Amino acid sequence: MKKPEKKLGFGFMRLPLLDAKNQTSIDVAQVEQMVDRFLERGFTYCDTAWMYHDFKSEETVGKALVDRHPRDAFTIATKMPDMMLKSKEQVPEIFAKQKEKLHVDAFDYYLVHDMNHVNYEKAKKYGAIDFLREKRKSGEIRCLGFSFHDTPEVLDRILEENPFFEFVQLQINYLDWESAGIQSHKCYDVATKHGLPVIVMEPVKGGTLANPPQNVKEMLHEAHPDWSPAEWAIRFAASLENVMVVLSGMSDLAQLDENTGFMQDFTPLTEADQALLLQAAEKIRAGIAIPCTGCRYCVEASKCPKNILIPNYFALFNTRKLMKRRDFSPEIEYYENYLSQGYGKASDCIACKSCERVCPQHIHISEWMPKLAENMENGQGF
Ligand code: SF4
Ligand code: SF4
């Protein structure tokens with residue numbers, strides 16, 4: 001398998017928006033500038049998916065990247081949304097539509113999206129894995145892998161049963177590396193044992209590690225005053241030997257400039273720096289309430305009957321919990337803005353758990369909702 005020369009990948013999942021409340025209002029002019037800069041600096045790996053940006057991301061990649069650059073100047077990765085499948089017929093339909101949206105004849109990398117023990121059975125039931133294997137043989141897929149959110153045991157089983165997969169995409173960041181919930185380290189070891197290169201997603205944990213608590217910021221600043229907290233996080237993932245690419249869902253040109261700057265001639269972290277990050281993880285874990293990455297699967301792959309904007313409320317709640325706020329704060333203003341747009345309140349939750357079935361972080365969302373309501377609607381808690 002041909003590996004990219006540089007370890008940073010451009011994730012098209014948190015693109016700049018013209019209207020912050022509308023995921024489809026992508027600022028294509030800025031994305032074009034970002035794409036141009038990314039390629040100018042010698043980076044090539046671009047990652048999208050069927051449902052990113054309310055199904056608009058692939059189309060944007062087609063316009064901003066594929067239509068404007070020679071086909072051999074970049075590689076494209078996209079994914080089969082196995083969690084959304086309801087019939088066998090959908091698989092070839094989605095695949096054909098992706099080629100149309102992205103304006104390509106073949107995908108350099110193609111992934112079965114978000115494999116876990118439930119989605120794996122679904123992907124088999126609807127023939128997605130067999131179909132994609134045929135596409136790999138015909139050359140419409142140049143490299144076949146899957147993204148994964150489950151235990152190391154499930155990963156091992158999938159790889160034993162499907163030895164033809166060529167790479168795995170895992171959630172790896174310094175906060176989840178030794179966490180009991182995500183088990184990044186153990187999953188990385190399983191992929192390595194099977195001889196598969198790893199693509200890293202969520203290296204900054206949905207932005208959480210770009211803004212860690214003050215005591216962590218100070219600790220990191222003291223060691224390397226010129227590195228931002230996000231840079232530390234990306235460096236951690238990229239320093240792992242078996243990591244082929246670290247994806248960053250870059251949201252503006254400044255972020256892209258920063259990331260491509262330090263990843264251009266990347267050198268791995270020293271052992272002392274790695275140890276410092278694991279200490280930082282302990283400090284952060286003590287402060288964060290809900291480990292939501294903002295992946296939006298609970299909004300896009302599942303439909304809340306009460307229209308509750310789960311990841312947005314969790315992000316607001318986490319900030320309030322870190323700051324120990326019970327009184328009015330900007331987070332409450334945002335919360336009330338969402339409610340006035342017609343979204344459901346945390347207290348409207350009926351605990352149907354439809355969101356929990358698709359949450360890759362296995363968060364007990366319905367148990368958190370009353371706690372959110374207590375704090376953000378009634379000014380109590382903590
Ligand atoms: S458990 Fe609550 S938040 Fe989740 S889908 Fe059901 S009503 Fe919505
Ligand atoms: S609650 Fe789970 S599914 Fe929803 S955005 Fe957060 S991590 Fe993703």
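Reply: A residue is counted as near a molecule if one of its heavy atoms lies within 4 Å of it. The model is a predicted one, and the description below applies to that prediction.

By this criterion, ligand 2 is surrounded by 13 residues. The closest of them are Cys292, Cys295, Arg296, Cys298 and Cys359. Helix α14, which spans residues 310–323, supplies the largest share of this shell, with 3 residues. By class, the shell around ligand 2 comprises 9 nonpolar, 3 polar and 1 charged residues.

Ligand 1 has its own shell. Cys304, Pro305, Ile308 and Ile310 belong to it, together with Cys349, Ile350, Ala351, Cys352, Lys353, Cys355 and Ser366. The classes here are 9 nonpolar, 1 polar and 1 charged. Lys353 is the charged member, because Lys counts as charged.

Turning to helix packing, helix α9 (residues 214–223) and helix α12 (residues 271–285) have axes that come within 9 Å and cross at roughly 170°. α9 is therefore roughly antiparallel to α12. On the α9 side, the contact involves Asn215, Val216, Met219, Leu220 and Ala223, while α12 contributes Leu276, Leu277, Gln279, Ala280, Lys283 and Ile284. These residues divide into 8 nonpolar, 2 polar and 1 charged.

Another helix pair is α3 (residues 57–64) and α4 (residues 90–102), whose axes lie 7 Å apart at an angle of about 40°. Glu58, Glu59, Val61 and Gly62 of α3 meet Gln98, Lys101 and Leu102 of α4. That contact holds 2 nonpolar, 2 polar and 3 charged residues.

How values were computed: Residues are numbered from 1 along each chain as its sequence is written. Chains are lettered from A and ligands numbered from 1 in the order in which they are written. This is a predicted model: local features need pLDDT of at least 70, side-chain atom pairs count only at pLDDT 80 or more; totals for chains, interfaces and linings use all residues. Side-chain values use heavy atoms; hydrogens and water are left out. Axes are lines fitted to C-alpha atoms, for helices over the stretch in contact, and angles run from 0 to 180 degrees between N-to-C directions. Helices (H or I, at least four residues) and strands (E, at least two) are DSSP runs, numbered from the N terminus. Angles under 35 degrees count as roughly parallel, over 145 as roughly antiparallel, 65 to 115 as roughly perpendicular and the rest as oblique. Contact means heavy atoms within 4.5 Å.
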